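Q: Please take me through the charged side-chain pairs of this model, and explain how each label follows from its definition.

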Amino acid sequence: MKMRRTIFTALGSCLFLAFVQFAGAMAETQQVSDPRVADLVRAGKVRVALYLPQYSKDSITGELRGWPIDIVRALGERLGVEGVPVEHPTPPAAIECLKSGACDVSIMGIDPVRATEVDYSPPFIQVDFTYLVPAGSSIRSFADADQPGVRIAVVRNHVSTLTLTRILKQATPVYAEMWDSAFELLRTGQADAFASVRGELVKSAPKLPGSRLLEESYGANRFGMAVSKGQAAGRLAYMSEFIDEARASGLIQRIIDRSGLVGLQVVPVAKSN
């Protein structure tokens with residue numbers, strides 16, 4: 001009797017393993033048969049262009065961290081391939097990676113200027129924009145900051161900057177090429193405020209003792225999946241489906257919760273008229 005149970009247990013384990021392998025094979029077959037992503041499945045990877053400060057890198061292990069990394073991983077799992085984050089210093093560099101074909105898709109802030117070069121999925125995550133000001137600053141509102149002689153540190157080509165420059169009337173933007181360089185402008189007194197996404201400013205505020213963030217927001221960075229303009233329209237449709245499923249399942253909210261980034265929110269599905 002004991003031997004019979006052992007045989008049945010072993011048989012059951014084999015059947016379960018066979019089912020898992022069969023299910024995995026079926027999922028891969030379905031993806032391969034989907035012409036929108038068949039090239040990615042054949043390549044065995046999906047290369048996702050990211051840019052600073054979307055991610056951080058562990059100085060010892062080199063491990064990349066940040067909510068976009070979790071999105072890349074989830075996309076790879078859905079495709080049944082390796083999700084590969086491709087690091088870039090700036091948004092224009094990420095766009096060039098898409099245009100050259102060295103990257104397959106990107107996670108990118110949606111802005112009309114960029115829409116001339118890339119096509120977007122609907123937005124799925126957003127984080128608001130605000131100012132960080134140093135200790136003793138008299139700036140309490142955006143109206144206080146938008147005055148002659150006020151210098152506002154910004155990162156060139158970031159959506160936070162593109163949005164700000166459309167609404168500033170009197171203050172002067174002081175441009176930096178990288179996020180850390182823009183923060184240094186504020187820290188060293190070369191700027192009176194730093195305009196960027198709230199979550200990253202919260203993380204950097206302790207490096208400038210006595211600094212504070214304004215409660216007001218002047219807009220929000222709404223992220224979508226992006227592909228090179230006019231190319232792989234089917235791929236964009238697939239990415240949009242992936243985002244819809246991840247949002248409906250609660251995956252995006254769980255990724256946000258894990259990130260701990262202040263101000264990060266799920267963008268709700270747009271209501272159709």
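Q: How many salt bridges does the structure hold?

A: The structure holds 21 salt bridges, the term being used for a side-chain nitrogen of Lys or Arg within 4 Å of a carboxyl oxygen of Asp or Glu. This is a predicted model, in which local features need pLDDT of at least 70 and side-chain atom pairs count only at pLDDT 80 or more, while totals for chains, interfaces and linings use all residues. Residues are numbered from 1 along each chain as its sequence is written, and side-chain values use heavy atoms, with hydrogens and water left out.

Q: Why is the contact of glutamate 241 and arginine 36 called a salt bridge?

A: Their side chains meet at 2.9 Å, N to O, and the definition asks for such atoms within 4 Å, so the pair qualifies. Glutamate 241 is in helix H9 (residues 233–248) and arginine 36 in the loop between helices H1 (2–33) and H2 (38–43), 205 residues apart, where helices are DSSP runs (H or I) of at least four residues and strands (E) of at least two, numbered from the N terminus.

Q: What makes glutamate 241 partly exposed?

A: Its relative accessible area is 34%, and because buried means under 20% and exposed over 50% (1.4 Å probe, protein chains only), this value falls in between.

Q: Which parts does the salt bridge of glutamate 245 and arginine 78 tie together?

A: The closest N and O atoms of glutamate 245 and arginine 78 are 2.7 Å apart. Glutamate 245 lies in helix H9 and arginine 78 in helix H3 (residues 67–79), so the pair ties together parts 167 residues apart in sequence.
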